[in-house]
2 protein chains.
Amino acid sequence: MQSRLLSAPWTRPAVRAATPRAGRVAVFGGTHGNELSGVALVGMWVKDGAEIQRSGVATTPFIANPRAVERCARYVDTDLNRAFTAENLSALSGDELPYEVRRAQEINRLFGPKGTADAYDVIFDLHNTTSNMGCTLILESSSDHFVLQMVRHVQKACAPAGCSVLLNEHPLLKYSTSRSVAKHPIGLEVGPQPQGVLRSNIFESMRLILKHALDFIELFNCGVEFPACSVDVFRVLERVDYPRDANGNITAMVHPHLQDCDWEPLSSGDPMFQTFDGRTIEYQGPGPVYPAFINEAAYYEKQQAFVTTRRETLSACAVRKLQ
Amino acid sequence: MQSRLLSAPWTRPAVRAATPRAGRVAVFGGTHGNELSGVALVGMWVKDGAEIQRSGVATTPFIANPRAVERCARYVDTDLNRAFTAENLSALSGDELPYEVRRAQEINRLFGPKGTADAYDVIFDLHNTTSNMGCTLILESSSDHFVLQMVRHVQKACAPAGCSVLLNEHPLLKYSTSRSVAKHPIGLEVGPQPQGVLRSNIFESMRLILKHALDFIELFNCGVEFPACSVDVFRVLERVDYPRDANGNITAMVHPHLQDCDWEPLSSGDPMFQTFDGRTIEYQGPGPVYPAFINEAAYYEKQQAFVTTRRETLSACAVRKLQ
């Protein structure tokens, strides 16, 4: 993959992208059933969706994994947010398929088909993390100018509160998300919040980010032009696992100097893990990198203590609705 | 239940309790399989228990619910830490019994029988909470002077760091814990830590509290006399549930002014919940009370947003090993 690290993006000639209007939008909660902000918000909007309706946009609130929500578990058989592969979506249906694969096919029928003109324009997928990441928008493409402009709009509207952007275009670490069914997939990750817990501050932060994002879509659909701009993102580089013994059990914890320090620079020689017997393991590698998802509960089973990222500035060209 | 609120415990004549030596001690981790501090500490001590051995004491580290640990879930069929009822422990064994009931019987055979002279002297049961409770020792009896003296010793050894004491003698809210098998049951609850997460600060705090508690037992067994003292505790008063709709779904969150404020006074008129539409619900009741387990993940299913407590000062008489 080619780096898109642009030291001076404004030196590029701005190009205006004429983009079709975004008339069909979905908001997913409960892709992971124990991430309760999205479950509660979407549950509320299913009853009364006035808050997420905008002129010229049909917004559908949707509980993505209702069985996992019922159990307050991340998933029943397999992680729904990794299940939207071509192979799964084309598998012959049947009860023998894992529940989440069947559910992925159903979601693909309702909001896709993925990769086609019939797919929904935008899917916001609401997630929580146990990591201290604050509000984070997760993008799947550095060349989706519509989404980059949305991000910029949200960031300006939220200021001085921050909203980080995680870009996952990694050839191996990018995964097949629920939201990938849409033309413009956007993950919204807010933390820290334990699994199975609903914190009012996290709930309100998520609600506000989504409000601004929907406002952007309304403005865009009304014909407002958004001028070329640059967007700072953190690009996913590498997965770092916990030290483990021969049986796969972890033998160290995230070091207290790294714990809760998502988005802060980590350089070679900085403390990374602390073994159970008190030894410090330092980060060794080119740097600085910017860790995210530090000590996320759901990632122990995915062999990931955190992911490293690199700061980049992306250029977004001007966007305006296709006339 | 009679209140043991003693305004001046030192006015009582001190009585020395001659207590048998505490030669058999167990440390349980993983009574709840997703509370990882105890799981990791006990797992470590099972491999090398030197750290928890003391002169004159045999200390057994023990994973209480290995199947739940394997799944990183609180329990498999039913909450093990509510399963040690007389009815369960005397139920006819068989595969049709819930896994945790069978496990409770096994634990009762290994460390009990509960309520008999053959039972272990002390069981420490290691737990985590998602609530901001810090280090908390949980007692089941206000008249166990051996445990009260242990608490006092731990508190002095930890100072200036605090260690709260929760006393659950409530006729309805007291439950049949794993540790209740022992003559002297002691719960150790440390938070905040999300389920399925291991934080180094929580791990080290738990380790230190247990160190001091084991030191106390060693001193006691060596014949040291601990003079009469008083111990401040928080006595469990009442369970407070979230506001819910007719389907049992919660309709409000812990209010941001109450969130993370475990052990701080809550008085009539103070904000308690915030509804999804932004309304504040105030606490109404005699006060001040001192909430604990505020927004604990595991208690949503137990219809508990927090528990109220009352501050009391208990008097502990002098204790010395029975000669």
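Mentor: Let us begin with one term: two residues are in contact when heavy atoms of theirs lie within 4.5 Å. This is a predicted model, in which local features need pLDDT of at least 70 and side-chain atom pairs count only at pLDDT 80 or more, while totals for chains, interfaces and linings use all residues. Residues are numbered from 1 along each chain as its sequence is written, chains are lettered from A and ligands numbered from 1 in the order in which they are written, and side-chain values use heavy atoms, with hydrogens and water left out.

Trainee: Which residues does A:Ile217 contact, then?
Mentor: Setting aside neighbours within four places in sequence, A:Ile217 is in contact with A:Ala22, A:Val25, A:Val57, A:Val122, A:Phe124, A:Phe146 and A:Met150.

Trainee: And how many residues does the largest nonpolar core have?
Mentor: It has 70 residues, and A:Phe124 and A:Ile217 have the most contacts inside it. Helix H6 (residues 200–221) of chain A supplies the largest share of this core, with 10 residues. A second, separate core of 68 residues includes B:Trp45, B:Val165, B:Leu314 and B:Ala316. By a nonpolar core I mean a set of buried Ala, Val, Leu, Ile, Met, Phe, Trp, Tyr and Cys residues joined through side-chain atoms within 4.5 Å. Buried is under 20% relative accessible area, exposed is over 50%, and partly exposed is in between (1.4 Å probe, protein chains only).

Trainee: Is A:Glu35 buried or exposed?
Mentor: A:Glu35 has a relative accessible area of 4%, so it counts as buried. It lies in the loop between E2 and helix H1 (36–47) of chain A. Apart from neighbours within four places in sequence, its contacts are A:Arg74, A:His127 and A:Asn128.

Trainee: And where is A:His127?
Mentor: A:His127 is in strand E4 of chain A, and it is buried, with a relative accessible area of 3%. Not counting residues up to four places away in sequence, A:His127 touches several residues, among them A:His32, A:Glu35, A:Asn81 and A:Arg179. Helices (H or I, at least four residues) and strands (E, at least two) are DSSP runs, numbered from the N terminus.

Trainee: What domain does the record give for residues 24–217 of chain A?
Mentor: The unreviewed UniProt entry labels them "domain: Succinylglutamate desuccinylase/Aspartoacylase catalytic". The end C-alpha atoms of this span lie 10 Å apart, and the span is 35% helix and 19% strand.

Trainee: What about A:Thr129, which loop holds it?
Mentor: A:Thr129 is in the loop between E4 and strand E5 (134–139) of chain A. Its relative accessibility is 0%, so it counts as buried. Leaving aside neighbours within four places in sequence, A:Thr129 has contacts including A:Glu189, A:Gly191, A:Phe293 and A:Glu296.

Trainee: Against which elements do the buried residues of H4(A) pack?
Mentor: They pack against strand E2 (24–29), strand E3 (58–63), helix H2 (66–71), helix H3 (86–90) and strand E4 (122–128) of chain A. The buried residues of H4(A) include A:Tyr99, A:Val101, A:Ile107 and A:Phe111.

Trainee: How do chain A and chain B relate?
Mentor: A rotation of 180° with 0.0 Å of shift along its axis superposes chain A on chain B, with an RMSD of 0.0 Å. That is the relation of a two-fold axis. In chain A, the C-alpha nearest the axis belongs to A:Pro194, at 2.3 Å from it. Both copies use the same surface, since 100% of the contact residues of chain A recur in chain B. Copies are superposed by least squares on the C-alpha atoms of residues with pLDDT of at least 70 in both.

Trainee: Finally, what is the average pLDDT of chain A?
Mentor: Chain A averages 94, and 95% of the residues score at least 70. Over residues 1–11 of chain A the pLDDT is below 50, and this stretch has 22 contacts in the model beyond near neighbours in sequence. Here pLDDT is the predictor's confidence in each residue, from 0 to 100. The model scores ipTM 0.92 and pTM 0.93.

Notes. UniProt positions are given in the numbering used here, feature names are shortened, and annotations may be inferred rather than shown by experiment.
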